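Good morning, and thank you for coming. I would ask you to look at the sequence and the structure on the screen before I go through the packing of the helices.

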Amino acid sequence: MKARVAAYTATNATQYMDVLTALNDSFIDDTAMGDFATGVYYVYSTKTGDVTNGLINPNIFVHPSIDAAAQKKGTTLDARFTSKTAEVEDPADAGSAPGSTEGVMLMSSRKFTIYPDPTSSTSMIRNEELILLKAEALFFTGQTAAATAELNIVRTRAGGLDPLPATADATLFTTELLYERQFSLLFEGHRWIDVRRLNRVNDLPLDDPMFKRNVRFPIPLPECNARPNEAACDLTST
């Protein structure tokens with residue numbers, strides 16, 4: 001967790017060194033035998049007094065942009081995409097996005113399968129994420145070849161995709177990193193934070209041109225009402 005927080009707040013190489021230091025004290029295993037699923041999880045139960053996993057909601061659909069982004073090796077889609085999502089069995093069950101472009105509703109014919117039942121565990125942090133954090137920290141401390149090697153551990157083993165060539169281009173590497181994080185951590189609650197901290201909020205799709213990309217969590221209305229002229233409560237600001 002310390003490594004994650006350090007990465008979220010890092011703005012220079014010295015701070016990214018703190019990520020590597022924290023990872024050295026963690027359970028990271030980026031060897032050939034490392035298990036990506038090793039980690040810490042929230043556990044749910046249907047027993048009296050326990051809580052069940054609410055993410056099995058049947059109305060949570062895969063956004064069409066995720067379908068479009070999934071890469072392939074030859075004709076085979078990213079294994080993370082195919083293992084965590086599936087086509088709905090009945091076309092009548094397909095979901096729609098809350099907005100439209102040119103008056104046409106955006107439809108999704110896929111649902112998430114990562115949490116199949118009320119007792120499915122959710123990850124707090126996993127080895128797969130630690131490896132991706134290491135890749136990020138290595139790159140931004142100047143160890144570009146090693147950074148791509150770490151990305152490829154996840155990309156080839158979890159995604160079944162071809163390895164990436166090493167790059168020293170920060171823009172390209174950030175794009176590659178965000179792709180691997182999107183599909184390795186799909187539906188685990190990281191995407192919005194990732195695009196915001198890496199200055200890629202404008203890459204998020206808009207279902208309607210009238211929608212806005214929020215760069216912060218909204219302040220509750222009662223609090224805004226109690227704070228007149230608070231700039232953060234101005235919905236017209238970015």
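**Helix packing and cores**

What you see is a predicted model, in which local features need pLDDT of at least 70 and side-chain atom pairs count only at pLDDT 80 or more, while totals for chains, interfaces and linings use all residues. Residues are numbered from 1 along each chain as its sequence is written, and side-chain values use heavy atoms, with hydrogens and water left out.

Is Ala-147 buried or exposed? Ala-147 is buried, with a relative accessible area of 0%; buried means under 20% relative accessible area, with a 1.4 Å probe and protein chains only. Leaving aside neighbours within four places in sequence, Ala-147 is in contact with Ala-135, Leu-138, Phe-139 and Phe-173, where contact means heavy atoms within 4.5 Å. The C-alpha atoms of Ala-147 and Lys-134 are separated by 7.3 Å, and the two residues are 13 residues apart along the chain.

I turn now to the helix pairs. The axes of helix 5 (residues 127-139) and helix 6 (residues 144-158) come within 7 Å and cross at roughly 155°. Axes are lines fitted to C-alpha atoms, for helices over the stretch in contact, and angles run from 0 to 180 degrees between N-to-C directions. Helix 5 and helix 6 are therefore roughly antiparallel to each other, a term used for angles over 145 degrees. Among the residues making this contact are Ile-131 and Leu-138 of helix 5 and Ala-147 and Leu-151 of helix 6.

Helix 1 and helix 2 pack at an angle of about 170°, with their axes 8 Å apart. These two, helix 1 and helix 2, are therefore roughly antiparallel as well. Their contact includes Ala-3 and Ala-6 of helix 1 and Val-19 and Leu-23 of helix 2.

Finally, the cores. The largest nonpolar core has 29 residues, and those with the most contacts inside it are Val-19, Leu-23 and Leu-151. A nonpolar core is a set of buried Ala, Val, Leu, Ile, Met, Phe, Trp, Tyr and Cys residues joined through side-chain atoms within 4.5 Å. Helix 1 (2-9), helix 2 (13-24), helix 5, helix 6 and helix 7 (170-184) each supply at least two residues of this core. Which helix gives the most to this core? Helix 5 does, with 8 residues.

Note on methods. Helices (H or I, at least four residues) and strands (E, at least two) are DSSP runs, numbered from the N terminus. Angles under 35 degrees count as roughly parallel, over 145 as roughly antiparallel, 65 to 115 as roughly perpendicular and the rest as oblique. Buried means under 20% relative accessible area, exposed over 50%, partly exposed in between (1.4 Å probe, protein chains only).
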